[in-house]
Amino acid sequence: MAQILFKDINKKELHRIKVYEELGGYQSLKKAFSQKPEEIVEAVKASGLRGRGGAGFPTGLKWSFLAKDVFPRYLCCNADESEPGTCKDRELLLKNPHLLIEGMIVCSYACRIETGYIYFRGEFHDLSFIMDKALDEARAKGYLGKNILGSGFDLDIHTHLGAGAYICGEESALLNSLEGGRGEPRMKPPFPAVEGLYSKPTVINNVETLCAVPYIVSEGADKYAAFGTEKSKGTKLVSVSGHVKKPGNYEIELGTPTSELIYNLAGGIQNDNKLKAFIPGGSSVPMLPADKVDVPYDYESLAEAGTMLGSGALIVIDDSINIVEATLRLISFYMHESCGKCTPCREGTRWLHQIVERIMQNKGQLEYINKLEDICDNMAFKTFCPLADACVAPVVSSIKYFRSDYEEYFGKVPTRTVS
């Protein structure tokens, strides 16, 4: 398996700048500063790097959308990582914080940005502390501050700890929170590249995305693009969880069969049970049944299969689970995390929860399934942000592939407790 981001991840004391430099850290800066900013943007475009936070939008293209000749500009690193099942950014932040700092410096130089922020989810107190120490080390070595490495380029990076709201992983809600406001999404357009933080042009990228930038600059766009598939370039960190023998974070080339992730890297199904379903990209994407397990793990193949790569969190469900039970748990999460701004989301998540809960209590009727689908239709793509869509995804897909699991509950004595 190709290793770019995880090549030295288990190296002792990697989070210290001395060890990071010994392994070639911060070398991409010298090459970057020898080029024009627009050349770096073009290189990132040529690499095929796409946003690793969930949307999968081409990174270099996103950088090129910044409003021309409007300053100051800002870079916001999205380190919120609140998507259930996702923990790959946490490992990078914990073990290799300087890789992110280096990526942010290169991005800032390419986009003519002089101030950067790392937005941590509220529970990441330990990672915020580690990053602050790493930033201090980088400043002391001259990688941050005025006239970095004699390039004439100035940059400083600050950390910001959120208050533990899932919605702040959405980029415009993140900006509101960073500005001191309530964490809720904004109307788009304008998009952050035109009017973002403090109404100025802003680049917002995920941790994993920015961590890939130093490799692209130092090794070349072509070398990065050689990994993966024709349209899904590079490697991807995947958080594998659920009913597997070896849950964890794995770096794979995009296009690797999902079955390879589950049965080889993650050791197969726990207790030698059978695979029933899997959610490929975090709880907000549609689940798939076991017969689709050989689908290549890349953006296009998963979309063709009716789901998404999302944040790269592969949740594995075995045949000991009734899918309705798992679906209710996911609905509960989204109901709790809805910011309440949009009526379809605020009301719809609660209605879905009430109906599925009644089904699990054997108080439902067959027509409830149609009612669930009708509510989902009135929620999807009708809100400011994708939280409602995220809640809809497991409901619609669970009915599509596991309708019999719902029908188990109609007219029977309760066999499961609702938690």
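About 70 Å³ of space lies in the largest cavity of this predicted model, a cavity being a set of points on a 1 Å grid over the protein atoms alone where a 1.4 Å probe fits but cannot get out, with the volume taken as the space filled by probe spheres set on points joined across faces, edges and corners. Thirteen residues line the largest cavity, and those closest to its centre are Ser338, Cys339, Cys342, Cys345 and Cys385, where lining residues have an atom within 4 Å of a point. By class, this lining comprises eight nonpolar, three polar and two charged residues (Ala, Val, Leu, Ile, Met, Phe, Trp, Tyr, Cys and Pro count as nonpolar, Asp, Glu, Lys and Arg as charged, and the others, Gly among them, as polar). In total, the structure holds three cavities of 30 Å³ or more.

The model is predicted, with local features requiring pLDDT of at least 70 and side-chain atom pairs counted only at pLDDT 80 or more, whereas totals for chains, interfaces and linings use all residues. Residues are numbered from 1 along each chain as its sequence is written, and side-chain values use heavy atoms, with hydrogens and water left out.

Helices H13 (residues 323-337) and H14 (residues 343-360) pack at an angle of about 150°, with their axes 9 Å apart (helices are DSSP runs of H or I of at least four residues, numbered from the N terminus; axes are lines fitted to C-alpha atoms over the stretch in contact, and angles run from 0 to 180 degrees between N-to-C directions). H13 is therefore roughly antiparallel to H14, a term used for angles over 145 degrees, while those under 35 count as roughly parallel, 65 to 115 as roughly perpendicular and the rest as oblique. In the contact (heavy atoms within 4.5 Å), residues of H13 including Leu328, Ile331 and Tyr334 meet residues of H14 including Leu352, His353 and Val356; by class, the contact has eight nonpolar, three polar and three charged residues.

Helix H6 (residues 97-110) packs against helix H7 (residues 125-140) at an angle of about 60°, with the axes 9 Å apart, which makes H6 oblique to H7. Pro97, His98, Leu100 and Ile101 in H6 meet Ile130, Met131, Ala134, Leu135, Glu137 and Ala138 in H7, a set that divides into eight nonpolar, one polar and one charged residue.

H6 also packs with helix H3 (residues 37-47), at an angle of about 120° and with the axes 7 Å apart, so that H3 and H6 are oblique to each other. Pro37, Ile40 and Val41 of H3 and Val106, Tyr109 and Ala110 of H6 make this contact, which has six nonpolar, no polar and no charged residues.

Key. On a 1 Å grid over the protein atoms alone, a cavity is a set of points where a 1.4 Å probe fits but cannot get out, and a pocket is an open set with protein on both sides within 12 Å along at least five of seven lines; lining residues have an atom within 4 Å of a point. Helices (H or I, at least four residues) and strands (E, at least two) are DSSP runs, numbered from the N terminus.
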